Amino acid sequence: MAEAKSIQAVKGMNDIRPGATEAFLDTAVWQKIFAAAAAVMESFGFRRVWLPVVEPTALFQRGIGTDTDIVAKEMYSFSDRGERSLTLRPEGTAGAVRAYVEHNLARVDPIQRWWYAGPMFRAESPQKGRYRQFYQIGAELLGIADPAADAELLWMLWQLCGRLGLFEVAVRVNSVGDNDSRKAYRAVLRDYLGRHMTELCESCKARLDTNPLRVLDCKRAPCRTVVDGAPDILDAMTPAARQHFDKVLALLQALKVPFERDPRLVRGLDYYTGTTFELTTRALGAQDAILGGGRYDNLVEELGGMPTPAVGFAAGVERLALLVAAAGVPAVGPDLYLVPMAGAEVLAFLLADGIRSDGRYKVEVGAGRLKQQMKHADRTGARFALVLGEDELTSRRGKLKNLRATSVEEVALEPSALLGVLARSP
Ligand code: AMP
């Protein structure tokens, strides 16, 4: 029979798996990131939410803005069987705000600290650090207008980077001001950009009327040169917006979070108001942003809720994984690999249970031919292997093989004796 043709994953979508050839797709790296993120965010009082991966298309059109790259070009939208237009979520904030409004949390308790993790979908051209299904870990702090909330998020992110061993990270902050500041700035900016119209790329020319702030974001060299000479939004800010931003910066300074102000940082989504920030690193090349976020005080109201201030961030897991993997894939093999021969399975399961109940060690139990099991034990990176055959069943003693030191020690087949050896050896 001819072999069936195999089916490949959709372009730009990855399999995260144990022992992946590309280290940043290795399960061990991902688990390290998710564990660190959960531990840090939970310790700040953020609670996990699990939200749908599919939402009504209108949510993103209204939330993110039809003029943004994400909504205009990158969404995976489709009609379901009832002819409703649905979209695979391209980001997490719109869904979080939808849920906040839908469950009337402004009345229950307006202050919510939420965190989430999961896949996002954007039809971008895949390259290193940019995929069509990618994962984000994010948080939303709803209900607090005070600049301390913005600073707290950045402080939390700084802690998370430290925990992941990421120290070569630049913290870039800016503010896009409140509604009045933006209105004033748009006029000033439009005026300036209008005078440099011929130097701008076609998309920026089009943005001039609809959303001139987007031009600050353009990566093309000629537009960048124009933007370098553009007026600074700080000069167009209302005193209240300026005060808010100054306090965020003062808090970061007091907390010794090294940051740089980047007047160009407006971010690619329409919902930002006030503080915007990004953490970047040169280690990632062209896709240098590890995470981005900011304040979005209008979004809850725009999506039908009561006016509610909010600030949030989203980090790209693949990008974190590229950085973490560069420092080495964590060793995650079992501490002990039990190799039972026929008839010794129950002894193996019970011994394994006794050791697992201590809570510190991983035990994997094999099955099948001796040679095959030993080979697999080696491949998992296990610290110890122990064969359980007929002799061991009768004598209740066995030979514990240290796979790293290739030494052998005789032990009683009791969980306590095995635990003793595991605790003693590195
Ligand atoms: P954004 O939602 O566009 O503000 O992106 C937040 C973070 O998600 C970025 O800083 C990246 O780390 C990550 N990210 C965004 N788009 C992609 C993508 N297509 N592939 C991988 N990571 C992405």
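How many aromatic pairs does the structure hold?

Tutor: The structure holds six aromatic pairs, where rings of Phe, Tyr and Trp (its six-membered ring) pair if their centres lie within 6.5 Å, and planes under 30 degrees apart count as stacked, over 60 as edge-to-face and the rest as tilted. This is a predicted model, in which local features need pLDDT of at least 70 and side-chain atom pairs count only at pLDDT 80 or more, while totals for chains, interfaces and linings use all residues. Residues are numbered from 1 along each chain as its sequence is written, and side-chain values use heavy atoms, with hydrogens and water left out.

One of the pairs joins Tyr100 and Trp114, whose ring centres are 6.5 Å apart and whose planes stand at 70°, so the pair is edge-to-face. It links distant parts of the chain, since Tyr100 belongs to helix α4 (residues 93–102) and Trp114, 14 residues away, to strand β5 (residues 112–121); helices (H or I, at least four residues) and strands (E, at least two) are DSSP runs, numbered from the N terminus. Both Tyr100 and Trp114 are buried, where buried means under 20% relative accessible area, exposed over 50% and partly exposed in between (1.4 Å probe, protein chains only). In the loop between α4 and α5 (105–108) lies Asn104, which is partly exposed with a relative accessible area of 40% and has a positive phi of about 55° although it is not a glycine.

Ring pairs also link Trp30, Phe34 and Tyr135 into a cluster. Trp30 and Phe34 are in α1, where they and Val29, Lys32 and Ile33 meet Val317, Glu318, Leu320, Ala321, Val324 and Ala325 in α12, contact meaning heavy atoms within 4.5 Å. By class, this contact of α1 with α12 has nine nonpolar, no polar and two charged residues (Ala, Val, Leu, Ile, Met, Phe, Trp, Tyr, Cys and Pro count as nonpolar, Asp, Glu, Lys and Arg as charged, and the others, Gly among them, as polar).

As for geometry, α1 and helix α12 (residues 317–326) pack at an angle of about 110°, with their axes 9 Å apart (axes are lines fitted to C-alpha atoms, for helices over the stretch in contact, and angles run from 0 to 180 degrees between N-to-C directions). That makes α1 roughly perpendicular to α12, given that angles under 35 degrees count as roughly parallel, over 145 as roughly antiparallel, 65 to 115 as roughly perpendicular and the rest as oblique. The crossing of α1 with α12 is right-handed, that is, the near helix is turned clockwise from the far one by less than a right angle, anticlockwise being left-handed.

Further along α1 (residues 27–43) is Ala38, which is partly exposed at a relative accessible area of 21%. The C-alpha atoms of Ala38 and Arg48, ten residues apart along the chain, are separated by 8.3 Å.

For the setting as a whole, the protein chain comes to 16 helices and 16 strands, and 49% of its 426 residues count as buried. Of the contacts in the chain with a separation of 6 or more, 68% involve residues 24 or more positions apart.
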